Amino acid sequence: MEKVTNDKNNEMKLQNRNDVPRVRNIVLRAMCAVYLMAFVSFYSEAEGLYGDAGILPARRILVNGTLKERLSLLQFAPFIGLDNGHEAIDLLCLAGATIAFLGLVSRAHCRLVSFIAMWTLYFSLVQVAQSFRQQADHLLLEAGFLCILLAPSRLSDGRNPMEEIALLLLKWLVFRFMFASGSVKLASGCPLWWSLDGLKRHYETMPLPTSYSWYTYQLPDAFHRLSTIYVYLSELVCPWLFFAPSKAVRRFALGWHVFLHLNIVGCGNYGFLSPLVLTLMLTLLDDNDDLLVLAQEYLGGAHRPLTVRSKSPGRTAPASSDLDRNGGRIVKAIGLLMVVGSWICFGIGFSNDEGLLTFKPVFTKDQYLNMMHAMMRAAPLMVFVLMVRKFLKLLSSQDSVGSLAEGMRQFSKNFGLLISTIVAFTVFFMSIVPNSRLLPSTAISSPVMTRAYGGLHSLYVVNQYGRHLTKMRPARQEIVLEYADDTNGTWQEFGFHYKPWTSERASALPYGWFYFPRFDFKFYDAAGSKLDAQKWFYPMAQRLLQHQQPVLGLFAGQHVPGKAPKYIRASLYRYAYTSFSESDFWTRERLRDYFTVFSLDDEHLQQKLKQLGFQASVPLPETSWNRPLGWMLDTIRRFIGAIEGSYLVTGLLVAAGLLIYTQHQHHQQGQQSHHP
């Protein structure tokens, strides 16, 4: 009798172990980490970019913007005794970072209300980002909105009925992002992408390269062309494996992309973009995956007892019964098909003279576009079928009603479920619009669909991706800012934290890791366009001539003037990587003026500022009645402002990791004391 009871208990333990929504939990915890990176990155530059003395003051949007632009929590700042300047922005950033940090270190704070708060706070910040808004912001807001559908409303909740549909939408989002990034490369007709030289050029011309980019650039051309083929497989072929029924195939796709994005993190300072993409790819795993079992026990050990795997004879863990026995063979077959297909499609061969690898795509642009046309129509149909299947499964799992009271509770539960389902299917159908716009021939022309998409896109719930890297820049151009007190005197250069601006090895290619420097990143866009297309340049020049400290704080502190300069100018340089034999990373050559000399009373500068609606002087901050809160926010900024952004982000992530480790150790000690 005792043996039967023990067997039943072990069976219940194993069943409970299998019923834990581990994918949901790990995705939500990882999303908190990404939100933390995003909020802290925004906070680090907020005063210099959006404060009253910043480049693009938020007050301009909140007062004079359209109704959609003014939709922000910053509008409520006067009700708590703050103006809508940088102090209110600081409050939103700190609140969001606090919620994200708590959700990262503790499952108790990783719930629906937290994700609603983080999305609302970050949306309010992105609303005032103006010219410094980036693709990573759009992806985070779209993913964050889907996490609202995924997150449990109460800590006692088990599986969310919408869980499978929400995870499928997250998987569809990362599919769209990766497929869009790949499809536009060859569709653009860029000769560098067609000759397979695009990736090598990208190492040199990417927005914020690192020393890893320089070392990789030195490798043989054959390696770069093979790497370009690897990128095409990663973005055009591998995403289709995300929806494979085989667990082994999905794990293969995950491992493939982990390797890709670790290289992206090493090559360029893209901030939280790659961690966000990898977080979305956690949806490729199953709840009973061994990796997630270990992660759940480690991350959630303080809130859920550890389960012991049964090792009794004749009994195996449930994960083994679900093992895809043919998965290994399928993965090997897919790998072989990728190699053979790449060899054929890209005409890989050997030259007769030197025996080197040669590459020449055997397909034409029209053939490629026809294939993309078919794939872009097939992908939404495939996901729609999967969504309908999961929706029908959701309906079949509903409990029967035995009384009026139970019926009312079931109705209340089903009403919320109905709303969530409508939202989920609406988001999916609207996402078909940007997915179809990757090629002109597949774009949806329905005014109803496009208007509906425009409404959701204004909230960044659905966005279009893949508009970057369409055509590679043939050479790297950089803007160098200079200041002087005499036009005939010596011109000194403003220094940057992450943007290449000097040829000196020590400060030419720094790492930002998961910190996203918007200011430095924006210079990449500016260098590829004319001055009038980058309207933020004029107020930046004005602030530098006024010697405004918040804007000066965006530059490297040891390379800024000690007093207000009389003149400022910008030059356009051509940068090129050096070889191994040289001591510096860059060589540079001045091409022309980006803008000629400006002074504070320059007529052209004043005219441009007037056209843009900028005041000649910095307005005095409005008197706020909640001075204790304002003093506290200013004190925090003075304390944190002394820490460079990348160190701040890294330090918070390390602190979170230490807290999680400490909780895990305390839980293990508690278990050992209860089970001597």
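In which kind of crossing, left-handed or right-handed, does α2 pass α4? Before turning to the answer, note that this is a predicted model, in which local features need pLDDT of at least 70 and side-chain atom pairs count only at pLDDT 80 or more, while totals for chains, interfaces and linings use all residues. Residues are numbered from 1 along each chain as its sequence is written, and side-chain values use heavy atoms, with hydrogens and water left out.

**First stop: α2 and α4**

Select residues 22-50 for helix α2 and residues 86-105 for helix α4, whose axes come within 8 Å and cross at roughly 160 degrees. Helices here are DSSP runs (H or I, at least four residues), numbered from the N terminus, and axes are lines fitted to C-alpha atoms over the stretch in contact, with angles running from 0 to 180 degrees between N-to-C directions. The two helices, α2 and α4, are therefore roughly antiparallel, a term used for angles over 145 degrees, just as roughly parallel is used for those under 35. The crossing of α2 and α4 is left-handed, meaning that the near helix is turned anticlockwise from the far one by less than a right angle. In the contact of α2 with α4 there are 19 nonpolar, three polar and three charged residues, where Ala, Val, Leu, Ile, Met, Phe, Trp, Tyr, Cys and Pro count as nonpolar, Asp, Glu, Lys and Arg as charged, and the others, Gly among them, as polar.

**Second stop: α6 and α13**

Next select residues 135-150 (α6) and residues 273-281 (α13), helices whose axes come within 10 Å and cross at roughly 30 degrees. At that angle α6 and α13 are therefore roughly parallel to each other, and their crossing is left-handed. To see the contact (heavy atoms within 4.5 Å), show Ala 136, Leu 139, Leu 140 and Ala 143 of α6 together with Leu 273, Leu 276, Val 277 and Leu 280 of α13. The residues of this contact of α6 with α13 are eight nonpolar, with no polar and no charged ones.

Move on to α7 and α17, whose axes come within 11 Å and cross at roughly 175 degrees. That makes α7 roughly antiparallel to α17, and the residues of their contact divide into 20 nonpolar, two polar and four charged.

Both α7 and α17 (365-396) supply at least two residues each to the lining of the second largest pocket, and α7 gives the most, with five residues. A pocket is, on a 1 Å grid over the protein atoms alone, an open set of points with protein on both sides within 12 Å along at least five of seven lines, whereas a cavity is a set where a 1.4 Å probe fits but cannot get out; lining residues have an atom within 4 Å of a point. The second largest pocket has a volume of about 750 Å³. Of its 23 lining residues, select Glu 164, Lys 171, Arg 250, Asp 286 and Lys 390, which are the closest to its centre.

**Last stop: a cavity**

Finally, select Arg 176, Ala 180, Pro 434, Asn 435, Leu 438, Asn 463, Gln 464 and Tyr 465, which line the second largest cavity. The elements giving two or more residues to this lining are α7 (163-187) and α18 (404-436).

Definitions and conventions:
Angles under 35 degrees count as roughly parallel, over 145 as roughly antiparallel, 65 to 115 as roughly perpendicular and the rest as oblique. Grid points are joined across faces, edges and corners, and a volume is the space filled by probe spheres set on the points.
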